[in-house]
Amino acid sequence: MSDLYSYLLVAAIVFTIGAYGIITQRSGIKILMSIELMLNAANINLVAFSSFNGDTAGQVFALFSIAIAAAEAAIGFAILVVLFRVRDTINLDNINILRW
Amino acid sequence: MSYILLAPEILLTILALGIILLGLLISDRSKNMLGYLSAAGLAACLIYIIGTKGEGRFFYDALVVDPLSQIFKLIFVAVSLIVVIASIAYFKNNRNQDEYYALILLATVGMMVVASANDLVALFVGFELASMSTYVLAGFEKKNPASLEAALKYFIIGSLSSALMLFGMSLVYGITGSTNIPAILQYYSSNSPVSLDIIAMLFLIAGFGFKMALVPFHMWAPDTYEGSPTVVSALLAAGSKKMGFVAAFRVLVLALVALRMDLQMTFAILAVITMTYGNVVAISQRSIKRMLAYSSIAQAGYISLAFVVTTQMSIAGGVLLALGHALMKGGAFLAVGVVGYMVLSDNKDAKNIDHLDNFSGLGKRAPITAFSLFVLLLALAGIPPSAGFVGKFVLFYSVTAEAVSAASGWLLFIVIVAILNSALSIYYYARVIKYMYVNAPAGERIKEPTPYVVAILLAVIGTIGIGLYPEPFVQMAMDAARVLGV
């Protein structure tokens, strides 16, 4: 039982670091890394619960989410690259054409 | 095992992959026909969905076809159809058309999977398929900084919401030991909720709230709708937003009922803040796309009243308003697209093409578009006979009925706030109508592109049709609500 809690604690810490990064970081790349941290925190949860419950559904879910996270990162980098070509920056403070 | 009920999803997937392949083989000039091909595929799906009554479960209970999934598939396919028809004009002679149409079809498949999802894994995969296709679509004009900025903001907020949702799902899986939604409910009906359940629910509410653009999770929506290509804004506002609602209906409503959790007040506060904020901020907008974005935030507030009372009738009202809003908002965005076409044909380097001033004298310059926009804006404000009126009527009536039967003063207060909000929204819709019909035109009458006109007229016919013959649609919505067993 205590094992499960330590895994959940790690996941919660990783998730919080990711959330903190999204709020504070201004570079597009660092924000992408923070998003990956949050997704992987959920994966740790899924695998820990799966092993604790003795049920494989959670590990299958984690595999799906790893594949999806990879696709998501690819799209994120693609958007950043195109943005960099047009604007010469990926600093979010400079990306502010749209506002009211 | 027959998969005939999943024919629309299968057809659209094959069509999307076929279009990517075909795009490699044919010349840039003949790519214009891919739009007609996609429209034909979507029209076939629309007819199939309207004409089929069957129910079924597929892939070990991961996907389910029932009245709730069918009415939302109807919304998604109808929106994609009008968007694709309008895109035939918008992306004419664009050399990346094949990718554009393939992405729209894949986004539609993703939304349809979410509508059918009966398992958290299928729900998540469907969400991501639709989201990732729309991230790319939002940034499709890759030389236009506003479009790229819209895509980046949408991507960051969208992935954040996916991460929140996935974390919430992992907790739900941990508590209940299953990812199957009926199995989760069965667990909850025999076990009392623990504190972790509330945390999991809050993660899910935040994740779905971002997709539904409820205040305080709304900040991406105005930026993204303003910056994206106009036809994509129509898809995002009318289609992909409803995806959050169907997921919320499937998961949250059931969970709220099964958990007997007192989240009524949370949703009431969210709904009231969302509709008031959307309407008040929309008043000060000069960009029409941005105004429509805030008005769709307000509409999301109305729809989320369904989560407050969770009676069968209120959910039917929410579904009806979602259906009506999809047609009205899709049509309105496409009308803005015609204005953009008009302004760009006057002056190739025009900026702020959706500014209110460009709508001056639209009644003279583009009469069909102006009249359609007039009808759609009044429908958005809830004037009968229109889909907007039917949806709001059923929804507000259901909340009032619940307030009377529970003798609850604050529910009545919420209804009054919602009705006052509807009145407030007439102000900014009427301002556009005044610009179109009273102000002097800034140029000659233009020839409105036929694909746009067809798409907008389809939206108008749908809106008015639901307003004049609401019975079959109300019946469909009631059947959909019955699936949830509330």
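Which residues does B:G239 touch, not counting residues up to four places away in sequence? In this predicted model, B:G239 touches B:F76, B:V79, B:S80, B:M111 and B:A326 when residues up to four places away in sequence are left out.

- B:G239 is part of helix α10 of chain B, which covers residues 230-259.
- Although B:G239 and B:F72 are 167 residues apart in sequence, their C-alpha atoms are 9.4 Å apart in space.

**Chain B as a whole**
- The secondary structure of chain B consists of 20 helices and two strands.
- A compact globule of 486 residues would have a radius of gyration near 23 Å, and the 21 Å of chain B agrees with this.
- Taken along the principal axes, the box filled by the C-alpha atoms of chain B is roughly 70 × 55 × 40 Å.
- Of the 486 residues in chain B, 62% are buried.

**Where chain A meets chain B**
- On the chain A side 32 residues are in contact with 36 residues of chain B.
- The helices α1 (2-24), α2 (28-53) and α3 (57-87) of chain A each supply at least two residues of the side that touches chain B, and the largest share, 15 residues, comes from α3(A).
- This side of chain A is made up of 24 nonpolar, five polar and three charged residues.

Conventions:
Residues numbered from 1 in each chain as written. Chains lettered and ligands numbered in written order. Predicted model: local features only at pLDDT ≥ 70, side-chain atom pairs only at ≥ 80, totals over all residues. Contact = placed C-beta atoms within 7 Å. Helix = DSSP H or I, 4+ residues; strand = E, 2+ residues; numbered from the N terminus. Nonpolar A, V, L, I, M, F, W, Y, C, P; charged D, E, K, R; others polar. Rg over C-alpha atoms; globule rule 2.2 N^0.38 Å. Buried ≥ 20, exposed ≤ 12 C-beta atoms within 10 Å, placed from the backbone.
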